[in-house]
Amino acid sequence: MEPVLRLAVVADGPAVAELARAAVETQFPAYYDAVQTASAAEHITTLDTALIDDGTYYVLEAAGEVVACGGWSRRNKLFNASTAGADTRLLDPATEPARIRAMFVRADWTRRGLGRAILNACTEAARAEGFTRLALMATLPGVPLYKAFGFTEVEAAQLPMPDGTLLPGVAMERPIEENA
């Protein structure tokens, strides 16, 4: 069955949390040690419900199961566990990039274009609101997808988790082309 893309609703919260945690637990060990993986599973997999409230978070559903999720934000928060810059201020589309947020794909559904489908939906929605750039903070497992989608590395980063664990990451950006 081909997954169907739709906007997430509040009732999707438990399925999204379960998917995100499973994705981290299965995909992060290839890039991070056990302490970093456990910290990420605890701190970056909690759904920011503002994304659902804002109508900027998507799920891909197959046979009644959420198999991928992700979204974008018009707000000044770069990733789920972030505290610095985690305000709810609306970004200025003329001068600031929209944020790609909380992308997860179930391990048995990777490499099927689901992440790209969500990124396409995010790009179109952000473009419709006047944004000309996208930015994200990638964890290492996501870097290949984002590079393939046209994101470029801005700088390496150390993402501080609330428990003090540091997770290597990569700040990335991409322009939104007018006729993409």
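Author: The sheet is open and is formed by 7 strands in the order β1-β2-β3-β4-β5-β7-β6, with mixed pairing; strands here are DSSP runs of E of at least two residues, helices are runs of H or I of at least four, both numbered from the N terminus, and two strands pair if DSSP finds at least two bridges between them. At the edges stand β1 (4-7) and β6 (152-160), and because each has a single partner strand, one side of each is left without a neighbour in the sheet. On average, neighbouring strands are turned by 25 degrees against each other, direction ignored, where axes are lines fitted to C-alpha atoms, for helices over the stretch in contact, and angles run from 0 to 180 degrees between N-to-C directions.

This is a predicted model, in which local features need pLDDT of at least 70 and side-chain atom pairs count only at pLDDT 80 or more, while totals for chains, interfaces and linings use all residues. Residues are numbered from 1 along each chain as its sequence is written, and side-chain values use heavy atoms, with hydrogens and water left out.

Within the sheet, strand β4 (residues 98-105) runs parallel to strand β5 (residues 133-139) and is joined to β5 by 2 bridges, with Ala98 standing opposite Leu134 in β5. Helix α1 (residues 13-27) lies across β2 (57-62), β3 (65-73) and β4, at about 75 degrees to β4, contact meaning heavy atoms within 4.5 Å. Helix α4 (residues 114-128), in turn, lies across β1, β2, β3, β4, β5 and β7 (166-175), and runs at about 35 degrees to β3.
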